[in-house]
Amino acid sequence: MSRSIMEIVAEAKKIVPAISPADAAALMGRDDVLVVDVRDLPELADGGKVKGAVQVSRGMLEFRADETTPYHNPAFSKAKTIILYCASGGRSALAGKALKDLGYAKVFNLGAFKDWVAAGGAVER
């Protein structure tokens, strides 16, 4: 039985809790928190990214997050709280589920970058 991508995203959103821009901002800046932008690089050129976020395109996330691969990014640690976002919240939900599957326990979906901006969140280019 096949499922649509929107069904898969909806399932991921049930697994990965949403976090509001205000709650995310309250956590940011701590050493035990990592903010990850899973959009592709051309998307960042349009409006920047959340200040302090690490950009890892969705296609490379598992490789950057898994310490057993040669592509591992040491910013990722299972001891950290991970906050993910993308353009609309779908890719970040899928990314959060993937991180949970890799053993990350504290994973949140900030959702859409535009919502962060609308809430007055800090942005860098």
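Where is Ser 92 found? Select Ser 92 and take a look: this residue sits in helix α5. Keep in mind as you click around that you're viewing a predicted model.

**Stop 1: Ser 92.** Ser 92 counts as buried because its relative accessibility is 0%, and the cut-off for buried is under 20%. Now show what surrounds Ser 92. Leaving aside residues up to four places away in sequence, Ser 92 touches Val 38, Leu 84, Tyr 85, Cys 86, Asn 109 and Gly 111. Pick Asn 109 from that group: the side chains of Ser 92 and Asn 109 make a polar contact, at 2.6 Å.

**Stop 2: Asn 109.** Hop across to Asn 109, and you've landed in strand β5, which covers residues 107-112. Asn 109 is buried too, with 6% relative accessibility. Next, highlight Gly 89: its backbone oxygen is 3.2 Å from a polar atom of the Asn 109 side chain. Other residues that Asn 109 touches include Lys 13, Val 16, Pro 17 and Ala 93.

**Stop 3: α1 against α5.** To see who makes the contact, colour Ile 5, Ile 8, Val 9, Glu 11, Ala 12, Lys 13 and Ile 15 on α1, then Gly 90, Ala 93, Leu 94, Lys 97 and Lys 100 on α5. Sort these contact residues by type and you get seven nonpolar, one polar and four charged.

How values were computed:
Residues numbered from 1 in each chain as written. Predicted model: local features only at pLDDT ≥ 70, side-chain atom pairs only at ≥ 80, totals over all residues. Heavy atoms only, no water. Helix = DSSP H or I, 4+ residues; strand = E, 2+ residues; numbered from the N terminus. Buried < 20%, exposed > 50% of the residue type's maximum accessible area, 1.4 Å probe, protein only. Polar contact = N/O pair within 3.5 Å; in protein donor to acceptor, adjacent residues only side chain to side chain. Contact = heavy atoms within 4.5 Å. Nonpolar A, V, L, I, M, F, W, Y, C, P; charged D, E, K, R; others polar.
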